[in-house]
Amino acid sequence: YVVELDREVLRERAFLRENPGYRRGRLCLYVGSTCLSPEERFQRHLTGRKGNRFVYRYGVRLRPDFYQMYPPLTRQEAELTEREVALELRQEGYGVWYNV
C-alpha cells in the first residue's frame with residue numbers, strides 16, 4: 001500500500017537524508033506492506049497503533065493508484081515488492097519512506 005504524506009514531512013531530517021534525489025513539487029509517500037486491508041492498516045497508522053511515525057504525523061490519504069495493479073502477494077513477495085516500489089518511486093523523484 002502507498003500513503004500520501006503532507007509535504008511538511010520534508011522538514012524531517014531523517015526523511016530528507018533518505019531522499020537526496022527528491023524533486024521539488026513531487027509527492028511525498030510512504031510505501032508499506034500488510035496482511036490487513038490497506039484501509040485498516042492506514043487507520044492503525046493514524047491512531048498510532050503499530051504505525052510509522054511519518055504516516056502518523058503526516059499521513060493524508062491512501063494512494064491506490066500506486067498499488068492497485070499488484071495482486072495479493074505472500075509476505076516475502078510483499079516485502080520485496082515494497083522495497084522495489086519505494087526505490088523505483090525515489091528514482092522518479094518522489095520523496096519516499098519505507099521500512100528499510
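Mentor: Two strands pair if DSSP finds at least two bridges between them. Strands (E, at least two residues) and helices (H or I, at least four) are DSSP runs, numbered from the N terminus. This is a predicted model, in which local features need pLDDT of at least 70 and side-chain atom pairs pLDDT 80 or more, while totals for chains, interfaces and linings use all residues. Residues are numbered from 1 along each chain as its sequence is written, and side-chain values use heavy atoms, without hydrogens and water.

Trainee: How many bridges join β1 to β2?

Mentor: The antiparallel strands β1 (residues 2-5) and β2 (residues 28-31) are joined by 4 bridges. E4 has L29 in β2 as its bridge partner.

Trainee: What is the strand order of the open sheet?

Mentor: The order of its 4 strands is β3-β1-β2-β4, with mixed pairing. Because β3 (59-62) and β4 (95-98) each have a single partner strand, one side of each lacks a neighbour in the sheet. On average, neighbouring strands are turned by 30 degrees against each other, direction ignored.

Trainee: Which strands does helix α2 lie across?

Mentor: Contact means heavy atoms within 4.5 Å; angles, from 0 to 180 degrees, compare N-to-C directions of axes fitted to C-alpha atoms, for helices over the stretch in contact. Helix α2 (residues 38-47) lies across β1, β2 and β3, at about 175 degrees to β3. Helix α4 (residues 75-91) lies across β2 and β4, at about 160 degrees to β4.

Trainee: Is M69 buried or exposed?

Mentor: Buried means under 20% relative accessible area, exposed over 50%, and partly exposed in between (1.4 Å probe, protein chains only). M69, in the loop between β3 and α4, counts as exposed because its relative accessibility is 52%.
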